[in-house]
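Please read the points below with the model open beside them. They are meant as a colleague's note, to be checked against the coordinates.

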Amino acid sequence: MKGPIRERKEERIFTTRASVSLAVLNTIINNIEDIIEEYNLNINDLSLRWGSVDSILNPSENIYIKIYYKYNLNINKNIDIDNININISINEGYGDMGFLMLYDLVEKIILQDAFEYAIKASYTTRTGIEFIFYYLDDGRIAMFEGEYHRVRLPKVRAVASIHTHPEGACGLSKQDIESGLDLLAEGGLLLGAATTSCMAVMRRRFMVSEEDYLKIKEYLLNKKINFKKLDTVVFNVIRY
């Protein structure tokens with residue numbers, strides 16, 4: 001069955017508060033992961049204050065993120081993304097929340113753009129034409145129109161990738177999981193498939209472990225896996 005023929009596909013570059021927040025979150029996570037590897041730290045020994053979450057969700061021109069480590073360690077980094085300066089410091093002490101909880105913030109941020117996905121998903125439901133949103137590390141979103149029941153584009157290095165499914169298809173296909181695994185292994189934070197009312201996501205919680213990577217690869221071959229037993233990759237369904 002052939003889908004509708006359209007002469008021109010829609011493409012759009014835009015920015016939302018969520019896309020900027022996600023770029024800030026990605027910058028913080030990537031830099032801390034680099035430090036963890038360089039100094040051979042245990043991520044469970046890192047913490048921060050709840051106030052840092054507000055700084056990420058409501059980004060300003062200058063953002064100060066204080067990370068606490070249980071042992072003596074003094075590190076200070078300044079990173080610029082677009083017109084935002086992010087200062088990250090690590091000092092001895094204890095915060096209110098574990099650093100791993102920052103990875104869970106990605107779902108809350110992504111949901112801020114749920115209306116954008118729902119509008120395009122409603123079109124997908126009517127016509128079968130899918131759309132994909134790439135969240136870039138500079139705070140922009142690149143949206144592309146795909147084809148009938150698929151989106152095939154060259155690989156784009158992205159913080160997150162959301163594509164539309166028709167209503168009633170709130171899940172990830174084998175191809176979605178394969179693409180998501182590549183995105184997460186390369187440092188991306190989340191892949192999602194959105195309908196008009198919900199989104200199926202896979203996201204990482206710290207760097208994807210070799211064990212989890214192989215388990216998901218095995219699933220792609222024979223579809224036998226308990227997703228709840230993964231340590232560094234989370235599968236979830238979000239309703240909005």
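1. Basis of the values. This is a predicted model, in which local features need pLDDT of at least 70 and side-chain atom pairs count only at pLDDT 80 or more, whereas totals for chains, interfaces and linings use all residues. Residues are numbered from 1 along each chain as its sequence is written, and side-chain values use heavy atoms, with hydrogens and water left out. Helices (H or I, at least four residues) and strands (E, at least two) are DSSP runs numbered from the N terminus.

2. Helix 1 and helix 3. Helix 1 (residues 17–39) packs against helix 3 (residues 101–111) at an angle of about 165°, and their axes are 10 Å apart; the axes are lines fitted to C-alpha atoms, for helices over the stretch in contact, and the angles run from 0 to 180 degrees between N-to-C directions. Helix 1 and helix 3 are therefore roughly antiparallel, a term used for angles over 145 degrees, with under 35 counting as roughly parallel, 65 to 115 as roughly perpendicular and the rest as oblique. The crossing of these two helices is left-handed, which means that the near helix is turned anticlockwise from the far one by less than a right angle.

3. Residues between helix 1 and helix 3. On the helix 1 side the contact involves A18, S21, L22, L25, I28, I29 and E33, and these meet L102, Y103, L105, V106, I109 and I110 of helix 3, where contact stands for heavy atoms within 4.5 Å. Sorted by class, the contact of helix 1 with helix 3 has eleven nonpolar residues, one polar and one charged. In this scheme Ala, Val, Leu, Ile, Met, Phe, Trp, Tyr, Cys and Pro count as nonpolar, Asp, Glu, Lys and Arg as charged, and the others, Gly among them, as polar.

4. Helix 5 and helix 6. The axes of helix 5 and helix 6 come within 10 Å and cross at roughly 160°, which makes helix 5 roughly antiparallel to helix 6. The crossing of helix 5 and helix 6 is left-handed. Helix 5 contributes K174, I177, E178, L181, D182 and A185 to the contact, and helix 6 contributes Y213, I216, K217, Y219 and L220. By class, this contact of helix 5 with helix 6 has seven nonpolar, no polar and four charged residues.

5. K217. Where does K217 sit? K217 belongs to helix 6 (residues 210–222) and, at 30% relative accessibility, counts as partly exposed; buried means under 20% relative accessible area, exposed over 50%, and partly exposed in between, with a 1.4 Å probe and protein chains only. K217 and I177 are 40 residues apart in sequence, while their C-alpha atoms are 9.3 Å apart in space.

6. The disulfide. The structure holds one disulfide, the term being applied to a pair of cysteine sulfur atoms within 2.5 Å. C170 and C198 form this disulfide, with their sulfur atoms 2.2 Å apart. The pair links distant parts of the chain, 28 residues apart, since C170 lies in the loop between strand 9 (160–164) and helix 5 (174–185), and C198 lies in strand 11 (residues 198–204). C170 is partly exposed, with a relative accessible area of 24%, whereas C198 is buried at 3%.

7. Positive phi values. Most residues other than glycine have a negative phi. H149, in the loop between strand 8 (141–148) and strand 9, has a positive phi near 60° and is partly exposed, with a relative accessible area of 45%. F206, found in the loop between strand 11 and helix 6, has a positive phi of about 80° although it is not a glycine, and it counts as buried at 18% relative accessibility.

8. L100 and F206. L100 lies in the loop between strand 6 (97–98) and helix 3 and is buried, with a relative accessible area of 19%. L100 and F206 are 106 residues apart in sequence but 6.9 Å apart in space, C-alpha to C-alpha. Not counting residues up to four places away in sequence, L100 touches I43, N44, R205 and F206.
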